[in-house]
Amino acid sequence: NGSSGIAVGMATSMAPHNLGEVCEAIVKVIDEPDISIDELLEIIKGPDFPTGGVICGRSGIRRGYHTGRSTVIVRGKAVIEEVKKRHRIVVTEIPYMQQRDRVELKMAALVNDGRIPGISGIRNESDLKEPVRLVIDLKRDADPDVVLAQLFQYSPLQDTISIILLALVDGKPRVMSIKEMIQEFIRHRAVVIRRRTQFKLMRARKQKHTIEGLL
């Protein structure tokens, strides 16, 4: 699901991931304890954001999974369309942790301030079928590629996401690689299963003692 938090002098920032990929990677580490991080990266391709978006490049992902610290640039998904000899930009996905209405308001503020002069109007056509659909109409003389680049530069349509794989291990904070994180999860699950089994055994012994007394 992803997690983020700030404590005294330290912070955690874990992006959400695809559950199927994570489960497959956990099984792989159990079956092959010597598997390399690069081999794990073939299973876990990268973060899987619920709001969609496009991660620019893979170097940030690789560095984050190897060292436990990195940043990735995430852009909203936008396409340029031509309608009646005029261009428009249609945004269908936004970066993680951004809100559709906030993105729309920020774009409108940039137009009103004159920072992006090529935009003639912004419409929110979002509905139940398409939760995000922002239509940006351009002026006749505006270059759609230039306007889109300006939106990425000035608006929340492009954002930087931190990757900090920091967690408490034996009560102490530790930054881990993606493989170490999986290994710690497996160790945690082993402890949970052992405690659960011991609890069930204790309950069964109490029940046995009661039944013997009744007999």
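**Reading the features**

Tutor: Let's begin with Glu82, which is found in strand β5 (residues 77–83). Strands (E, at least two residues) and helices (H or I, at least four) are DSSP runs, numbered from the N terminus. Keep in mind that this is a predicted model: local features need pLDDT of at least 70, side-chain atom pairs count only at pLDDT 80 or more, and totals for chains, interfaces and linings use all residues. Residues are numbered from 1 along each chain as its sequence is written, and side-chain values use heavy atoms, with hydrogens and water left out.

Student: Is Glu82 buried or exposed?

Tutor: Buried means under 20% relative accessible area, exposed means over 50%, and partly exposed is in between (1.4 Å probe, protein chains only). Glu82 has a relative accessible area of 55%, so it is exposed. For a sense of distance, Glu82 and Ile55 are 27 residues apart in sequence and 26 Å apart in space, C-alpha to C-alpha.

Student: Which strands join β5 in a sheet, and in what order?

Tutor: Two strands pair if DSSP finds at least two bridges between them. Here 4 strands make an open sheet in the order β5-β6-β8-β7, with antiparallel pairing. β5 and β7 (119–124) are the edge strands, each pairing on one side only. On average, neighbouring strands of this sheet are turned by 20° against each other, direction ignored. Axes are lines fitted to C-alpha atoms, for helices over the stretch in contact, and angles run from 0 to 180 degrees between N-to-C directions.

Student: How many bridges hold β7 and β8 together?

Tutor: β7 and strand β8 (residues 134–138) pair in the antiparallel sense over 5 bridges. Asn124 has Leu134 in β8 as its bridge partner, and Ile119 stands opposite Leu138 in β8. β6 and β8 also pair in the antiparallel sense, over 4 bridges, and there Val90 stands opposite Val135 in β8. As a general idea, the side chains in a regular strand alternate between the two faces of the sheet. β8 is mostly covered, with 4 of its 5 residues buried.

Student: Which helix lies across β5, β6, β7 and β8?

Tutor: That is helix α5 (residues 144–154), which runs at about 35° to β6. Then there is α4, which lies across β6, β7 and β8 and runs at about 165° to β7. Contact means heavy atoms within 4.5 Å.

Student: What about a helix against another helix?

Tutor: Two packed helices are described by the angle between their axes and the distance between the axes. Take helix α1 (residues 19–31) and helix α6 (residues 178–214): their axes come within 10 Å and cross at roughly 80°. That makes α1 roughly perpendicular to α6. For the wording, angles under 35 degrees count as roughly parallel, over 145 as roughly antiparallel, 65 to 115 as roughly perpendicular, and the rest as oblique.

Student: Which residues of α1 and α6 meet?

Tutor: Ala25, Ile26, Val29 and Ile30 in α1 meet Ile182, Gln183, Phe185 and Ile186 in α6. By class, this contact of α1 with α6 has 7 nonpolar, 1 polar and no charged residues. Ala, Val, Leu, Ile, Met, Phe, Trp, Tyr, Cys and Pro count as nonpolar, Asp, Glu, Lys and Arg as charged, and the others, Gly among them, as polar.

Student: How many aromatic pairs does a search of the whole structure find?

Tutor: It finds 1. A pair of aromatic rings is described by the distance of the centres and the angle of the planes. Phe49 and Tyr96 are stacked, at 5.2 Å centre to centre with 25° between the planes. Rings of Phe, Tyr and Trp (its six-membered ring) pair if their centres lie within 6.5 Å; planes under 30 degrees apart count as stacked, over 60 as edge-to-face, and the rest as tilted. The pair links distant parts of the chain, 47 residues apart: Phe49 is in the loop between α2 (37–41) and β3 (54–55), and Tyr96 is in the loop between β6 (86–93) and α4 (100–112). Both Phe49 and Tyr96 are buried.

Student: And what should I look for in the loops?

Tutor: Check phi. Lys84, in the loop between β5 and β6, has a positive phi of about 50° although it is not a glycine. Lys84 is exposed, with a relative accessible area of 77%. Asp170 is in the loop between β10 and β11, and it too is a non-glycine residue with a positive phi, about 55°. At 64% relative accessibility, Asp170 counts as exposed. Around it, strands β10 (residues 166–169) and β11 (residues 172–175) run antiparallel, joined by 4 bridges, and Ala167 has Arg174 in β11 as its bridge partner.
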